[in-house]
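Q: Hello! I have a structure open and would like to learn how to read it. Could you take me through it feature by feature?

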Amino acid sequence: MNFKKNVVLGICMLLVFSVLAACSNANTSNPPASNAGGSEEGQGSAKKDVKLTFFNTSAEVNTVFEELFKSYHELNPNVTIELIPTPIGGAQLEKFQSLLASNSPATIANLDAGTILQFKDKFLDLEADKAKYEALTKPGAIDGALLDGKFLGIPWTAQGYGLLYNKRVVEEAIGGTFDPASIKTRDDLAALFAKIEAAGTAPVMLHGADWSLGAHYLGLTYSLQSESVDSNRAFVEELKNGNVKLSENPQFTGLMDTFDLLIKYNARKKDPLVADYNKDSADFANGNAAFYFMGDWTWAVIGGLEGRDQEFGIIPVPVSNNASDYGNAQVAYSEPKLLAIDNSGSTPEQQEAAKAFLEWLVTSEKGQTAIVSEMGLSMPYKEVAVQGSNIISEAVTQYVDNGNAMNIGVINYLPQDYWAKTGASMQKYLVGKIDRQGLVDEIEAYWKSYAGK
Amino acid sequence: MKKNTLKNVGTFLLFGGPSTFAFTAVVLIPFIVGLYLTFTNWDVATNDGSLIGFSNYVDVFHDKIYLGQLWFTIKYVFFTVLISNLIAFFVALALTSGIKGEQWIRTGFFTPNLIGGIVLGYLWQMLFSQVLPYLGEKYGWTLFETSWLTSTGSAFWALVIATSWQLVGYLMIIYIAGFSGVPHDVLEAASIDGAKRSTIVKKVILPLSVPAIVICIFISISRAFLTYDINLALTKGGPFNSTELASYHIVKKAFLSNQYGIGQAEAVVLFAVVAIVALTQSYLLKKMEVES
């Protein structure tokens, strides 16, 4: 009896202690807010030590960033940058949200544009620097990065996707040189696929993961509606309100007719949902499939392979049999990751230091070398001192420079779970678990669940 | 008297303090705060948590997908608990009968339990999606010709197998401990009376190791219900989100669909289900305990 009492007493005391401890933590762990006013005088003396944190969702290049932080620290000994890494394809958003919720946000965050939009009140408005970056970047690059008209994140990488092709395989199948511009319509593509299959190679690799099918393939539906992001957003709103019949939408039906074609000639026909990204990419690079629905980021896998084929290119996904329809000549192009600066718990000094670092990152030779050569990404900047090794992104850049880029910015405004939910429906369609009408019903139902949100 | 109380408190703090503190900090407080959150519409972006009563719970019972996945989880738990306990029981039996190299085999069975769920999940994913289909194609085994992870039915069994494989070693250790607690005189008496090995197992060892069985079933039920890492690494909820176990669904609901309140309410419902199932079984099984 006595013992029980003691136990209870002990627990109570511990509870009290832990509550006290929690309170005292809350008082000390939030200096930015209380210091914000008094820090003005500190700025004059400059060279005060600043510590920045960098939240990175491009997990595959964590080490490259760490090297960059070291180099920057050598140039600016007063600035220390610490990486907050995230796992590849793992719980990135969860981690970011828990940092925000615990009032210890990262000073700089490399995030998907959609995530920045979702938490837009937490980030610093970079309006003052907009003109400077407009002068530095390629035309349209900053416009594409605006979120609800605000400049919240600095673009540093650009990606394009479509049907990648393995030049050697295609040319062996058709017995001559291949001109990517010759594929203007779905029928052109079908004829080419038939030839490649007759030559004994699988015509196309269709990666069966939900992100590829939901975000990249089905996601084209929303971008194909028009060239203007605003009217594409309006289209999505109409979808949510239930005013759009997808089965009567020519862009959607055209896109899905092409999808049927891809299913028919799919190299993974036997078991379409295995979706091993490394294996699919390697098989394409080694010539086991002529085409591959993927983007230039796959160079990270292909680039280092031994004994792979040498020449690759990209064509847009043809969505109709009318060559002049929007999308048949345009490659989907976006700035998937933006660098944003926190405005919810960082001091003005940290923000200034962060701005200076980001400018160094995208303009200095060291930063550009790291991004272009080591990460294998392409930068939407006018003056890039280094030549990249990524053949596929060079091919994408050609489309962009010729004005043949499709702005897929509308995806930034879609709910965060759209790719997972609609991607699952696309997977069902891919394996024949539902038919076209079933797919339409599921996608429309998904959007209606967001009515008014 | 007073001095004594103080001394007792001191003793308690010395021995029980650290773990009580840890338990309070990482289980009790988060649980209470979590419970509170289910009655609000809290969200990271707005940080506005106004009370909205029970509407999150109403939403939970309108979320047909969640209820479907909860049922899927219950089936998964049933088979995982059954298979892992049966295997662990017989493995433990075999490894207490004095086979040569017993210690090594025990270590071998226990090793999977030391591998983290994520690593283990990727390992089995490799097996199911690459190795087995390759072998299946080579030797014409129709069972393995396509990856087990691409259809709902076989992905279910893949999950059960991978989880059981991890659990068996742990449960085996508990069973071994239970068996070694069976008094030798009873066993000797049984064999002098002419009981066969199978009869000894059924009539002597089994009833006397009920406490071990209760613990094992309790542990396997709660671990199977809360499986998240293997699910994430092995199937990622696929194909088409049909193999999302309850925990995985909850995490996605909260962090991907940004419905924190509903996600948290679903977590509370899951807690209730686990608590009811686990406590009922241990209550029922405890009644079967006998003294030797």
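Q: What percentage of the 292 residues of chain B count as buried?

A: A residue is buried if 20 or more other C-beta atoms lie within 10 Å of its own, exposed if 12 or fewer, and partly exposed in between, with C-beta atoms placed from the backbone. In chain B, 33% of the 292 residues count as buried. In chain A, buried residues make up 45% of the 453 residues. Before we go on, note that this is a predicted model: local features need pLDDT of at least 70, side-chain atom pairs count only at pLDDT 80 or more, and totals for chains, interfaces and linings use all residues. Residues are numbered from 1 along each chain as its sequence is written, while chains are lettered from A and ligands numbered from 1 in the order in which they are written.

Q: Which helices and strands does each chain have?

A: Helices (H or I, at least four residues) and strands (E, at least two) are DSSP runs, numbered from the N terminus. Chain B has 13 helices and zero strands, and its C-alpha trace spans about 80 × 75 × 30 Å along the principal axes. Chain A has 21 helices and eleven strands.

Q: Where does UniProt place the "transmembrane region" feature in chain B?

A: UniProt positions are given in the numbering used here, feature names are shortened, and annotations may be inferred rather than shown by experiment. The unreviewed UniProt entry places the feature at residues 12-37, 76-97, 109-135, 155-177, 204-226 and 267-285 of chain B. Take residues 76-97 of chain B: the end C-alpha atoms lie 32 Å apart, and the span is 86% helix and 0% strand. For residues 204-226 of chain B, the end C-alpha atoms lie 34 Å apart, with 91% helix and 0% strand. The unreviewed UniProt entry also has "domain: ABC transmembrane type-1" over residues 70-281 of chain B. That span is 76% helix and 0% strand, and its end C-alpha atoms lie 19 Å apart.

Q: How many residues does each chain give to the contact between A and B?

A: Chain A gives 27 residues and chain B gives 25. On the side of chain A that touches chain B, the elements giving two or more residues are helix H1 (2-28), helix H5 (92-101) and helix H20 (418-430) of chain A. H1(A) gives the most, with eight residues. For classes, Ala, Val, Leu, Ile, Met, Phe, Trp, Tyr, Cys and Pro count as nonpolar, Asp, Glu, Lys and Arg as charged, and the others, Gly among them, as polar. This side of chain A divides into 13 nonpolar, seven polar and seven charged residues.

Q: What describes two packed helices?

A: Two packed helices are described by the angle between their axes and the distance between the axes. Axes are lines fitted to C-alpha atoms, for helices over the stretch in contact, and angles run from 0 to 180 degrees between N-to-C directions. Angles under 35 degrees count as roughly parallel, over 145 as roughly antiparallel, 65 to 115 as roughly perpendicular and the rest as oblique. The axes of helix H11 (residues 210-217) of chain A and H20(A) come within 7 Å and cross at roughly 105 degrees, which means H11(A) is roughly perpendicular to H20(A). By class, their contact has ten nonpolar, four polar and one charged residues.

Q: At what angle do H4(A) and H18(A) cross?

A: The axes of helix H4 (residues 62-75) of chain A and helix H18 (residues 365-374) of chain A come within 10 Å and cross at roughly 170 degrees, so H4(A) is roughly antiparallel to H18(A). Val64(A), Glu67(A), Leu68(A) and Ser71(A) of H4(A) meet Lys366(A), Gly367(A), Ala370(A) and Glu374(A) of H18(A).

Q: In what order do the five strands of the open sheet in chain A lie?

A: Strands of a sheet pair through backbone hydrogen bonds, either parallel or antiparallel. Two strands pair if DSSP finds at least two bridges between them. Here the order is E2-E1-E3-E10-E4 (chain A), with mixed pairing. Strand E2 (79-84) and strand E4 (153-155) of chain A stand at the edges, each with a single partner strand, so one side of each has no neighbour in the sheet. The twist averages 25 degrees from one strand to the next. Strand E1 (residues 50-56) and strand E3 (residues 108-112) of chain A run parallel and are joined by three bridges.

Key. Two residues are in contact if their C-beta atoms, placed from the backbone, lie within 7 Å.
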